[in-house]
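Keep the sequence and the 3D view open as you read, and follow along from one element to the next.

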Amino acid sequence: MNVIRCDEEDYIVWKWRPLGQNVNSTSRENSIRYGSSLRVKDGEVAVFVYKQKDGTMQDFIEGPFDDTIKTANFPVLTSIVGMAFGGESPFQAEVYFINLQGNNQLRFAVPYFDVFDPRLPDHGVPMAVRGTITFNITDYRGFIKLNRLVNFDHDQFMKQIRSALQKYVKGVVMNVPQEMGIPVVQMERQILQINERVEGYLKPRIENDFGVNLKGLDIGSMEIDKESPYYEELRQLTAGNTARTMNAQTDVNIQNLKDTQRINAANMEETLRIQREEMQRAQKLQTETNFIGAHALNQQTDVLKTGAQSLGQMGSMDMGTHGGGGMNPAGMMTGMMMGGAMGQQMAGMMNNMGQNMQQAKNTPPPMPSIQYHVSVNGAQAGPFNMQQLAQMAQSGQLTRQTYVWKQGMANWEFAGNVPELVSLFAPPMPGATPPPPPGM
């Protein structure tokens, strides 16, 4: 009885042979006695290949498996074991073990080939690529269809994969500058992006061509032949474009900063102008209100003065008497009556004037106005009173780090360091904002 098993540690496909057999030329090598034991470890599959006149048949035994060979375990075996021999005679089969668990690594190197930059399509720069792929076998049925198990040669299989890798990697890398827009002299810096692109191209082709599962691709290096005369020409072209791009971007950023400062300064100036005009208008209205009484008194005085002049002429007025000359008694009586009325009116006006003057003496003078100058983008603006400064602080135009100055100060000072202005930046006291209204 035979014990059919694989004791190899590192293999892709391994063919089992009975003890003492080293060649494939005789049928005796493939003779397996019914009832021999079979051991298949986890992560591998045993393939029994029966060559019959009507074709090749196969049994696949996946591990873990440890049992004797019986017709109940091998469906194909049931149909080929001769009834006349009662299953005692040997049956012909080739046994192959396929490794499904191990990861196989293969190093590859693509020698120098020309890569063309789209800016100089006639100047090829030599480049070499080196890397490693990792693969395993997951679909063993598909693998068997693409590869002959008999006389499977591990080294020859690896050589075939390496040859395909060189072709595919070269084809992808050669088109990277045109398709990905990467200058040839900067391809080494973009090795991760190029690695992903090459792996996406390789995976379906390696699987379809060799029946193995490509687990990963690692491009270790992309070497440019820096001794090539075209390399230096491309490097200078790329460096020049990079410098011009950086300078242009810097100029744009500086211009944007200047435009922003100019717009902010113009907005600040316009806002301050409007606030200044509003404050001047308010002060003018306040002044007119304070002197409205004196203006009315002057107007009344002019009226009385005109009335007094008219009163002086009433004595010579012709009241309809004959002769026209001499004293006019009626005019005199009328003048006396009107004079008395006007005297009372003047006395009332003088009394009101005295009261207004006395009230003006008892009214305290207006509070002195505290005004500060403000530095806006290096330019002096103002002066502004406390109300204007408070509005500027609320709008963010005046901060603790804004320079201010008023008469009597030796130098400009931060607003946050001036005791009179500290309260403008204080947070609102709790309770200053009313709570939400109660519900219905």
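Let's begin with an open sheet of 3 strands, which runs in the order β10-β11-β12 with antiparallel pairing. Its edge strands are β10 (104-117) and β12 (213-224), each of which pairs on one side only. From one strand to the next, the twist averages 25°. Please keep in mind that this is a predicted model.

**Around the sheet**

- Strand β11 covers residues 120-136, and β10 pairs with β11 in the antiparallel sense over 12 bridges.
- Within this pairing, look for Asp117, which stands opposite Leu120 in β11.
- Helix α3 (residues 154-174) packs on the sheet and touches β10, β11 and β12. The direction of α3 makes about 30° with that of β10.

**A closer look at Asn136**

- You will find Asn136 in strand β11.
- Is Asn136 buried or exposed? Asn136 counts as buried because its relative accessibility is 8%, and the cut-off for buried is under 20%.
- Leaving aside residues up to four places away in sequence, Asn136 touches Leu100, Gly102, Asn103, Asn104, Val212, Asn213 and Lys215.

**Nonpolar cores**

- The largest nonpolar core has 52 residues. Which residues have the most contacts inside this core? They are Ile98, Phe143, Val173 and Met187.
- Helix α3 gives the most to this core, with 9 residues.
- Another core, of 20 residues, lies apart from the largest one; Trp16, Ile32, Leu77 and Ala93 are among its members.
- Not counting residues up to four places away in sequence, Met187 touches Val115, Met127, Val173, Val176, Pro177, Ile182, Ile194 and Met222.

**The chain as a whole**

- The protein chain has 10 helices and 16 strands.
- It is made up of 440 residues, of which 32% count as buried.
- Among contacts in the protein chain with a separation of 6 or more, 67% come from residues 24 or more positions apart.
- The protein chain exposes about 28300 Å², and carbon and sulfur atoms supply 53% of that area.

Technical notes
Residues numbered from 1 in each chain as written. Predicted model: local features only at pLDDT ≥ 70, side-chain atom pairs only at ≥ 80, totals over all residues. Heavy atoms only, no water. Pairing = 2+ DSSP bridges. Helix = DSSP H or I, 4+ residues; strand = E, 2+ residues; numbered from the N terminus. Axes fitted to C-alpha atoms, helices over the stretch in contact; angles between N-to-C directions. Contact = heavy atoms within 4.5 Å. Buried < 20%, exposed > 50% of the residue type's maximum accessible area, 1.4 Å probe, protein only. Core = buried A, V, L, I, M, F, W, Y, C linked by side-chain atoms within 4.5 Å. Areas by Shrake-Rupley, 256 points an atom, 1.4 Å probe, with all protein chains shown as cover.
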